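The briefing takes up the ligand surroundings and then the metal site.

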Amino acid sequence: MDELIAAARDALDAAHVPYSEYRVGAALETADGTVYTGCNIENANYSNSLHAEEVALAEAVKNGHREFERIAVSSGVRDGVTPCGMCRQTLAEFATDDLVVACDEGGDAVSEYTLGELLPNTISEGTLDDATANAGDARDIGGD
Ligand code: THU
Ligand code: ZN
């Protein structure tokens with residue numbers, strides 16, 4: 001049994017899901033091997049719900065980690081779970097394209113992807129650097 005998947009499965013027990021009843025657990029392994037977990041925490045104002053992956057990432061970042069090796073994701077349903085688009089983008093703020101995303105398929109079955117596969121051509125800090133440079137050019141060109 002993959003230990004990171006086991007940690008994600010443990011984490012989903014703490015999920016607060018009165019609305020969807022869909023539990024998600026995530027376990028994020030940092031470059032030094034520390035593991036931070038998260039679960040989804042729903043809210044009566046549905047759009048305020050926190051996703052398991054962002055809770056795990058927030059905990060890791062709060063503790064000073066900026067480099068990540070792998071994230072495991074599990075759901076109470078136990079198959080077919082992958083990080084949503086928002087979580088892929090949230091992970092991409094710190095993780096590189098080669099972050100391994102391990103998705104629990106139940107039993108010993110795990111589907112592995114890289115973040116680059118799940119979110120190609122993502123917006124990043126570098127994208128905004130280019131935009132800032134372009135904005136500077138535009139001002140230079142536009143101002144007489
Ligand atoms: N959910 C996550 O925690 N992570 C994802 O990336 C997919 C969706 C949660 C949000 C909500 O509480 C429930 O799953 C149903 O969408
Ligand atoms: Zn998500």
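What follows is a short briefing on two ligand sites.

This is a predicted model, in which local features need pLDDT of at least 70, side-chain atom pairs count only at pLDDT 80 or more, and totals for chains, interfaces and linings use all residues. Residues are numbered from 1 along each chain as written, chains are lettered from A and ligands numbered from 1 in the order written, and side-chain values use heavy atoms, without hydrogens or water.

**Ligand 1**
- Residues surrounding ligand 1 (a heavy atom within 4 Å) include Y22, N40, H51 and P83, and by class the shell has six nonpolar, three polar and two charged residues.
- Among the polar contacts (N or O pairs within 3.5 Å), a polar side-chain atom of E42 lies 2.5 Å from a ligand 1 oxygen, while a side-chain N or O atom of E53 is 2.8 Å from a ligand 1 nitrogen.
- A polar backbone atom of C84 lies 2.8 Å from an oxygen atom of ligand 1.

**Zinc ion (ligand 2)**
- H51 (ND1), C84 (SG) and C87 (SG) coordinate the zinc ion at 2.0 to 2.2 Å, donors being N, O and S atoms within 2.8 Å of the metal (3.2 Å for Na, K and Ca).
- Because the four donor atoms subtend angles of 101 to 122 degrees, the arrangement is tetrahedral (all angles between 85 and 135 degrees).
- Along the chain, the zinc donors follow the spacing H-x32-C-x2-C.

Terms used. A polar contact is a pair of N or O atoms within 3.5 Å; within protein, one must be able to donate a hydrogen and the other to accept it, and residues adjacent in sequence count only if both atoms are side-chain atoms. Ala, Val, Leu, Ile, Met, Phe, Trp, Tyr, Cys and Pro count as nonpolar, Asp, Glu, Lys and Arg as charged, and the others, Gly among them, as polar. Four donors count as tetrahedral if all angles lie between 85 and 135 degrees; four count as square planar and six as octahedral if opposite donors are over 155 degrees apart and all others between 65 and 115; anything else is irregular.
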